[in-house]
Amino acid sequence: YTDAKVTVGMYDYVVGTLPPVVKLGATFLGLHGSRKRGLATLEEVAREGRWARDDAKTLLIALLKREERFRDAYTYASELAAKYPRNYIFKMEAADALVSQAEVDRATNPEAAKKTEAEAFAIFDALLAPAPHPAPNTPHTPLDLVHYNYGDALLVAGQAERASKELLAAASAPGVESSMVSRARLRAAQALDVAGKRDEAI
């Protein structure tokens, strides 16, 4: 019964986030929802569900980021990363949540923001570190994506020159697609410009 609530929770949340005019029309059709109730239902499944617990946590990572509850999103992402250590996506989600939290904290608590950024950067560093004894069939971590997100996080944190190095590493990573090369080079140019290196940026 608890596991079946994942669908109910998502329905509640989605209907609850509709624009007021659309929500009014949905009400006339008998559709009712509540963001708060939807999140509460998914959190209940994440705590007490048997089969769908991890599904609920995965959904909550995205929804809680949308609600700017970044620490809670990080908690779920880190729990899933610990349970599925070969899945790089949950680690990336955890790092992203920390970067967002640091951005929120920077104006009011710079020390807390710096500590949170360090947590995020440690996750990126671990993802980029070569595994000493990789397990068979371990999924390949896309280094271009890790370098790009790392560089983006560093740029947000005000470390523009360091960010440019990660972004250029993304552009030259093995097997990188041409679209990522373009994105990474443009973002690296932006970082270099912020760092006061206009010629290199150009």
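**Notebook: helices α3 and α4**

I looked up the handedness first: α3 passes α4 in a left-handed crossing (the near helix is turned anticlockwise from the far one by less than a right angle; clockwise would be right-handed). The model is predicted, local features need pLDDT of at least 70, side-chain atom pairs count only at pLDDT 80 or more, and totals for chains, interfaces and linings use all residues. Residues are numbered from 1 along each chain as its sequence is written, and side-chain values use heavy atoms, with hydrogens and water left out.

I then looked up the axes. Those of helix α3 (residues 35-48) and helix α4 (residues 53-66) come within 8 Å and cross at roughly 140° (axes are lines fitted to C-alpha atoms over the stretch in contact, and angles run from 0 to 180 degrees between N-to-C directions). That makes α3 oblique to α4 (under 35 degrees is roughly parallel, over 145 roughly antiparallel, 65 to 115 roughly perpendicular, and the rest oblique).

Next I listed the contact (heavy atoms within 4.5 Å). From α3, Leu39, Leu42, Glu43, Val45, Ala46, Arg47 and Glu48 meet Arg53, Ala56, Lys57, Leu59, Leu60, Leu63 and Leu64 in α4. By class, I note nine nonpolar, no polar and five charged residues in the contact of α3 with α4 (Ala, Val, Leu, Ile, Met, Phe, Trp, Tyr, Cys and Pro are nonpolar, Asp, Glu, Lys and Arg charged, and the others, Gly among them, polar).

Last, I looked up the whole chain. The chain has eleven helices and zero strands (DSSP runs, H or I of at least four residues for helices, E of at least two for strands, numbered from the N terminus). Of its 202 residues, 40% count as buried (under 20% relative accessible area, with a 1.4 Å probe and protein chains only).

Definitions and conventions:
Buried < 20%, exposed > 50% of the residue type's maximum accessible area, 1.4 Å probe, protein only.
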